[in-house]
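Here are my notes for someone opening this one for the first time. Have the viewer ready and follow along point by point.

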Amino acid sequence: MSMIGEWLNSARTGALLAAALFAALIVWLVIVPSRRLYPEGFAPRWWKSPRLWALIVATIQMTVYLLFG
Amino acid sequence: MELHAIDAALVVAYLAVVTAIGLWVSRGGVSTTRGLFLADRSLPWWAVGTSLVVTDIGAKDMVGLADDGYRYGLVMTNFDFLGCVLPVLVAAFVFMPYLWMAGVYTIPEYLGRRYNPTVRTMFALIWGLFMVGTLAVICVSAASVFEDILGWSFWTSVLVTAGVVGVYTTFGGLKAVVMTDFVSCAVLIAGAALICVYGLRETGGWSGLQERIAALPADQFHTEHHFDLMLPADSDTPFAWPAVVLGLGFVLGPAYWIGNQAIVQRSFGAKSQHEARAAYVLCAAIKLVFPLLLVVPGLIGLALFHDQLGPADGPQWKKGGVLPQVVQLLPRGVLGVVLGAFLSGVMNNLDSYVNSATTLWVNDIYRPLLRPRASDHECVIVGRWMVVGMLAGGAVGSYFVRQRFDSVYEAFQTFMSFFQGTLFALLLLGILTRRATGAGGLAGLVVGVGSAVAMVFSGVSYLWVSWWSFVAAGAATVLVSLCTPRIDDSRLRGLVYWLPPPPESASEAPPPSDSSSE
């Protein structure tokens with residue numbers, strides 16, 4: 001099997017792809033403007049912000065795939 | 001196994017508490033379809049979030065994931081990690097607000113508005129059949145544990161389960177279902193955690209578990225990758241990483257969390273869009289730990305009971321047999337809590353799916369097709385009778401599920417793969433593009449479901465069925481849409497990501513300030 005074939009076959013590649021999906025979500029959550037998420041004038045306090053908690057959850061899950069995948 | 005009095009008392013106490021909460025919440029009665037199916041949009045985020053968890057995870061998962069954890073190992077956690085956490089977060093921020101703002105009761109209703117009424121009707125019929133299949137799966141998973149622990153026959157287990165939940169669900173409505181789910185979620189987590197704690201104590205901790213499994217003959221038990229989160233692409237199992245990432249991560253997971261009526265209906269019942277979004281995030285947070293609690297019992301079963309259960313392809317193997325073996329490790333009192341958790345898993349799953357199935361049949365079939373002039377009161381009564389019909393169908397179907405599938409989890413996923421890829425393609429194109437047309441949606445539906453049926457009967461793994469039916473449905477929708485006239489933008493406002501509703505029609509928008517949502 002070629003080097004690329006071996007890399008594609010490896011379970012580690014799958015884990016890295018899974019981590020990349022979470023990374024993409026994290027980037028999107030960081031850059032998406034608030035007006036896309038909340039109606040005009042609505043600003044939750046930071047500890048009640050679904051965006052912040054979603055970032056925390058996605059980061060934990062990405063770390064799981066990077067460390068244990 | 002003999003059930004001790006203290007365990008029986010705990011189970012009875014649990015049932016009494018849940019029933020009392022259900023009755024207290026639904027005091028005053030439910031007299032409208034909006035109350036019965038959407039809880040009058042009054043549900044708080046914490047209740048919706050925990051209800052989302054237990055609608056997804058129930059008896060079928062406790063039994064099925066223990067079986068599959070025994071056979072395949074930690075790779076099964078991907079069904080929650082990649083198949084849940086990721087799509088739930090995407091759903092919370094991209095899809096759910098548009099479904100919520102549309103003010104619909106069901107996913108087919110949304111598809112009907114976005115595409116055309118034929119798409120709505122066809123999806124409602126497919127969903128209705130899927131719901132009956134799901135009820136059958138839940139009945140089988142309940143029976144497999146009741147047979148072993150209580151000594152009941154298969155049919156007694158199925159009939160008692162369907163009967164008890166039928167009475168409870170007929171009168172409860174969505175509010176009672178969701179509020180009891182909050183208690184059940186706590187009991188379910190506690191029960192699953194107790195199985196892991198006592199099991200791991202018996203194996204000598206996590207390292208002891210690994211050593212015991214490593215010592216098993218790998219050629220018989222195929223344990224080479226039992227502690228790996230991903231399997232190589234050339235794995236003999238259905239869970240090679242390309243199937244997991246493409247089939248589960250891109251299609252099956254998102255389709256389930258964005259398009260499953262039983263799931264989405266909970267968010268439709270939330271007080272506001274903000275609360276619905278917070279509920280999804282809470283669900284994702286809980287799902288960070290829950291899958292381990294469901295898969296690890298399978299590994300414990302493999303380490304401790306491989307002599308009794310044998311290899312999964314051997315003559316000793318019994319479907320749904322791992323969990324009943326593992327719960328034998330529990331001491332008196334603890335077994336009662338775990339049985340309570342199992343019962344809550346059965347009840348939550350069953351009442352959630354029955355409630356959603358009823359919503360579909362009444363909202364998308366009965367009212368628009370059979371009785372357009374039916375009053376709200378008539379629909380509530382019809383809905384209650386449909387609960388009985390659905391449960392009867394599920395009980396009969398349970399016989400076929402038991403005969404046909406190796407595990408209840410596989411049965412559930414196979415049923416979903418018939419249409420989830422197609423559904424997700426239509427939702428994705430419907431919400432994210434303006435160009436998808438009614439004819440395109442119909443073509444996508446026919447091609448997607450048709451190809452999925454062909455693949456399932458050709459023996460293709462359900463993860464690949466999901467992926468390829470998604471591709472086929474998406475391609476057909478795009479192709480036909482490009483050949484047919486586009487839908488006017490004014491008809492798509494509030495249904496498509498790029499076309500928000502006009503301000504005056506956003507009557508159910510989230511509260512204007514943070515303080516009002518506290």
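1. Start with chain B, where helix H5 (residues 78-101) packs against helix H11 (residues 241-259) at an angle of about 45°, their axes 8 Å apart. Axes here are lines fitted to C-alpha atoms, for helices over the stretch in contact, with angles running from 0 to 180 degrees between N-to-C directions. Helices (H or I, at least four residues) and strands (E, at least two) are DSSP runs, numbered from the N terminus. H5(B) and H11(B) are therefore oblique to each other; under 35 degrees counts as roughly parallel, over 145 as roughly antiparallel, 65 to 115 as roughly perpendicular, and the rest as oblique.

2. A word on the source: this is a predicted model, with local features needing pLDDT of at least 70 and side-chain atom pairs counting only at pLDDT 80 or more, while totals for chains, interfaces and linings use all residues. Residues are numbered from 1 along each chain as its sequence is written, chains are lettered from A and ligands numbered from 1 in the order in which they are written, and side-chain values use heavy atoms, leaving out hydrogens and water.

3. Which residues make the contact between H5(B) and H11(B)? On H5(B) they include Phe79(B), Leu82(B) and Phe95(B), and on H11(B) they include Leu248(B), Gly249(B) and Trp257(B) (contact means heavy atoms within 4.5 Å). By class, this contact has 14 nonpolar, four polar and no charged residues.

4. H5(B) also holds Asp80(B), which partners Lys287(B), from the loop between H13 and helix H14 (290-309), 207 residues apart.

5. Now the interface: 36 residues of chain A touch 35 residues of chain B. Together the two chains bury about 3,000 Å², 70% of it on carbon and sulfur atoms (accessible area, 1.4 Å probe, that two parts lose on being put together, summed over both).

6. Among the contact residues are Trp53(A) and Val57(A) of H4(A), and Arg277(B) and Val281(B) of H13(B).

7. One backbone spot to check: His222(B) has a phi near 50°, positive in a residue other than glycine. His222(B) sits in the loop between helix H10 (218-221) and H11 of chain B.

Methods
Ala, Val, Leu, Ile, Met, Phe, Trp, Tyr, Cys and Pro count as nonpolar, Asp, Glu, Lys and Arg as charged, and the others, Gly among them, as polar.
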